[in-house]
Amino acid sequence: MPLHSIEATTGDAWAYSHEARPLEPRSNWDVPAEDLQTAMTRRLLACAWGLQPKRIAALPHFAAMMAQHAVTPPSARRLPDPDRVAPGKEGLCGILADTSVSTLLAGMRIGLYPMGHVSPMKWWSPDERCIVAPNELRIEKNLARRIRNGGYRITFDSDPLGVLEGCAGARDGRWALTWITPEMMRAALALYDNGHMHSVEIWNADGGLVGGLYGYAVGPVFSIESQFHIERDTSKIATVALMGHLAHWGFAAADGKAMTGHLKGFGFRLIPRAEFRALLDGPTRGPAGRWRFDESLDIGSWTPAKGPPAVRPVRVAA
């Protein structure tokens with residue numbers, strides 16, 4: 001089935017809604033619990049991660065942050081200064097006092113991001129952030145062809161928990177260590193329930209979730225938190241689908257945090273912290289509520305340097 005085919009039926013042969021779906025908050029997300037062995041393994045690997053030579057210099061600063069956090073009453077805790085960070089490229093900035101929606105949004109609006117392999121969660125503010133404007137995105141010809149002919153179905157905001165679990169899964173050739181812990185999943189899903197977290201799902205012909213990504217809309221920037229793939233190139237397809245919509249909706253940039261080979265291939269570049277924080281000024285873009293993959297956007301033939309994807313009429317089966 002071509003990527004942009006539509007399965008819905010309606011009496012109007014050309015009808016298509018571009019509006020987002022209304023929010024349907026949930027409080028009963030079935031976030032998987034860790035067994036004791038998995039939790040202990042994660043803690044041991046987190047210790048080994050933190051004791052790597054490139055991170056040793058940050059340990060005294062982390063100890064001081066923990067001590068200050070412990071003696072500060074909850075009512076007096078404040079967001080850390082994004083420009084005051086511990087030594088190291090990661091930019092350890094402070095202890096995350098709570099993972100409420102309001103606190104997470106306030107931190108992200110000043111350029112912080114939450115992450116931690118073990119509790120408590122931490123705030124991070126690296127010297128440089130990895131970003132790409134929609135018109136700067138590079139799409140390889142083979143990937144564009146695969147998007148047009150790959151037979152995958154794309155959805156937005158349909159299975160955020162499935163995407164979180166996929167992103168938290170073990171990766172070939174990497175430590176079995178994830179910062180997408182049950183605590184972080186619950187925080188992300190609370191943001192989803194409030195219309196700030198969005199997921200992209202890639203489904204194969206058998207209906208299996210085989211790739212995707214999730215992140216947060218923060219002002220005119222979309223922060224990509226994590227991606228995963230089970231079948232080849234499916235995380236890349238998710239990236240292109242997301243970026244096409246960000247271009248259509250007028251987002252200034254996508255944020256990938258730290259540079260990776262995956263992001264570099266798409267044209268992401270590093271910018272100073274101050275420049276990134278300036279990008280965050282302005283209202284949040286995109287539709288309110290749940291996002292929908294817009295079948296009318298010609299993602300498969302998109303040339304980012306020429307502007308947003310073309311909008312075409314979409315035939316809906318009668």
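Glycine 244 is buried in the predicted model, at 0% relative accessibility (buried means under 20% relative accessible area, exposed over 50% and partly exposed in between, with a 1.4 Å probe and protein chains only). Glycine 244 belongs to helix α8; helices are DSSP runs of H or I with at least four residues, numbered from the N terminus. Beyond neighbours within four places in sequence, glycine 244 contacts Leu297, Ile299, Trp302 and Pro309, contact meaning heavy atoms within 4.5 Å. Its C-alpha atom is separated by 9.3 Å from that of asparagine 135, 109 residues apart along the chain.

Helix α8 (residues 234-249) packs with helix α5 (residues 141-149) at an angle of about 85 degrees, the axes being 10 Å apart. Axes are lines fitted to C-alpha atoms, for helices over the stretch in contact, and angles run from 0 to 180 degrees between N-to-C directions. Helix α5 is therefore roughly perpendicular to α8, a term for angles of 65 to 115 degrees. Leu143, Arg146 and Ile147 of α5 meet Lys236, Ile237 and Val240 of α8 in this contact.

Helices α4 (residues 101-109) and α7 (residues 182-193) cross at roughly 85 degrees, with axes that come within 10 Å. These two helices, α4 and α7, are therefore roughly perpendicular to each other. Their contact involves Val101, Leu104, Leu105 and Met108 of α4 and Ala187, Ala190 and Leu191 of α7.

Leucine 59 lies in helix α3 (residues 59-71) and is partly exposed, with a relative accessible area of 33%.

Residues are numbered from 1 along each chain as its sequence is written. In this predicted model, local features need pLDDT of at least 70 and side-chain atom pairs count only at pLDDT 80 or more, while totals for chains, interfaces and linings use all residues, and side-chain values use heavy atoms, leaving out hydrogens and water.

Technical notes: Parallel < 35°, antiparallel > 145°, perpendicular 65-115°, else oblique.
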